[in-house]
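Here are my notes for you, as numbered points. Have the sequence and the model open while you read.

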Amino acid sequence: MADESEPGERWGRLYALVIAALAVEIAGLWVLERVFR
Amino acid sequence: MSALDWAVLVLTLAGIVSFGAWRSRGVHTTESFLRAGKDIRWWTIGLSVIATQASAITFLSVPGQAYQDGLGFVQFYFGLPIAMVLLSAIILPVYHRLRVYTAYQYLEERFDRRTRQFTALLFLVSRGLASGLAIYAPALVLSAVLGWPVLWTNWALGAVTIVYTVAGGSRAVSRTQTAQMAVILVGLLAAFGMAVSLLPPEFSFGRGVALAGALGKLEGVDPSLRLDTRYTLWSGLLGGLFVQLAYFGTDQSQVQRYLAGGPLAESRRGLLMNGLLKVPMQLFILFLGVMVFVVYQLTPPPLFFNRAELERVRASHPAEVASLEARHARLFAEKRQVIDAWLTSPTNATALRENEARVQALRKETGALVARTRPGADPKDADFIFLRFVLDHFPRGLIGLLVAVILSAAMSANSAALSSLGATTVVDFYRPRHPDAPDSRTLAVARWSTAAWGLVAVGFASFASLLDNLIQAVNVLGSLFYGPMLGVFLVGFFLARVRGRAAFWATVAGEIAVLAAATFGSLGFLWYNVLGCAVVVGLAPLLQRVFSRSSPHPTGEPT
């Protein structure tokens, strides 16, 4: 189990993953609308 | 509902409550009542956080919203993943370090007791009333569609929730929510599969999506900078971030879920799980609504989805309803021809859109007839679309499961609310006055105050029918208090010079400003959040200067 001593870098990567997933979702929606317009 | 549906409904709900009771046995201390437990893992925290935000009205309203306006509502949630990252990185470590039970304890550490208790009071009032509306909203829709009496539905829903929340506390809430989320996810997947299977054999899923796209229902991102459009990419990212930070950072019903008592890493991962899953989940529910829309392009839809209301209008104005229904049937017959023409030439969707615009106009005309002939009745039927679809098209058993989904969502959101109301009452008001009370007495007060809040919520739900517009009421109620609450927390985190006296009076001024704007002004209610927060953040440093001048050596105030 991870604890408080887990390196900040690893959390940084997780934060980046969450933001990247949002960006992919927004881009995906934008493409979906244009493909099926 | 058939006997099979009742069996599925009762067994599902009984199973959930039994699971929660079994997993939360052994709650004999205040610590174990107020916190879910040290052994709680991140996926339980994540599911619990998601279940707390997803109330019954989410599953009743959101598909209906997509049916009418497409996927655009998803933009409201774009700020949520960013809020989860900021919360995990900045706010959560502070709460964890201070080992607080409630968010408001931080305010005493940072400012003083009266700032803490005033903010806690704002939470108690807003969440106490909102949980009443959250019981009443699904009870109203279920009673209209299934014929259940509203009052009894209120009390049954409230009683079950009160019993397991009082018995097992926060631990029961979190454990039950994992089972409730499982039922909700299975129900939603089954509903989606069912909607797709209702498409005619010659109409593939891909064609259904293309039809939705041609009718503008897949417009999920609006990059325009228009301020008069409620949901755009920018209002979602900026306004959504603001709302979600306030909700997850300062509303104890959420704070209690992720401050479960385990390691910081588990809380963080739970919040980030919410950040990863929330947008796809909302998108899926909206997409379900879009598929319902597609099915009703190929199968005749009801003229008005709140059938009970339409029948009451028919009783007094039969000719007008019959005329609307005849026009509706003609439009549907035309629609089939228009769709066939579109299938042969998919690039030209003009006729398709024109036909749909006429259908929408007719639905509005029907709503206007309802409003004209039955004063006080809701002219909108969006909240009824999904449940009507389920009842008209789903097989026996699956209807019971979908009603269980709606009731599970109602119970999960309300149990979290009641548990947090009880926790705030005992931690922020009882304990400071009785610091030496034995644990058994504090636990009894926690249980009784949780039960009392449950009764307040159900009592308020029983009178909620007096409110004109329910959803509006829910939104306005939250917006009356969130702004100053977020404001005082932001001052605490980012304005190091501001001390207790200035923070307290700035918060009071922020709340007065919001109440004055709501009473005398014409400001849109979403702006109350901004106003309240801005007054507190803007006024607190100014007041601090004034107070510092009048008393250059403030004592007894922690910085």
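1. Let's start with Glu334(B), which counts as partly exposed because its relative accessibility is 34%. Glu334(B) sits in helix 14 (residues 318-344) and Arg358(B) in helix 15 of chain B, so the pair ties together parts 24 residues apart in sequence. Helices here are DSSP runs (H or I, at least four residues), numbered from the N terminus.

2. A quick word on the ground rules. This is a predicted model, where local features need pLDDT of at least 70, side-chain atom pairs count only at pLDDT 80 or more, and totals for chains, interfaces and linings use all residues. Residues are numbered from 1 along each chain as its sequence is written, chains are lettered from A and ligands numbered from 1 in the order in which they are written, and side-chain values use heavy atoms, leaving out hydrogens and water.

3. Stay in helix 15 (residues 350-373) of chain B and find Thr366(B). Is Thr366(B) buried or exposed? With 0% relative accessibility, Thr366(B) counts as buried. Leaving aside residues up to four places away in sequence, Thr366(B) touches Leu303(B), Phe304(B), Leu310(B) and Leu324(B), where contact means heavy atoms within 4.5 Å.

4. Now try another salt bridge, Asp392(B) with Arg388(B), whose closest N and O atoms are 3.0 Å apart. The two are four residues apart in helix 16 (residues 382-393) of chain B, which puts about one helical turn between them. Asp392(B) is partly exposed at 32%, while Arg388(B) is buried at 8%.

5. Over in chain A, Arg34(A) pairs with Glu33(A) in a salt bridge, with the closest N and O atoms 3.6 Å apart. Arg34(A) is partly exposed at 33%, but Glu33(A) is buried at 7%.

6. Last, look at where the chains meet. How many residues does each chain give to the contact? Chain B gives 34 residues and chain A gives 22 residues. Helix 12 of chain B contributes the most to the side of chain B that touches chain A, with 11 residues. Between the two chains the salt bridge count is zero.

Terms used: Salt bridge = Lys/Arg side-chain N within 4 Å of Asp/Glu carboxyl O. Buried < 20%, exposed > 50% of the residue type's maximum accessible area, 1.4 Å probe, protein only.
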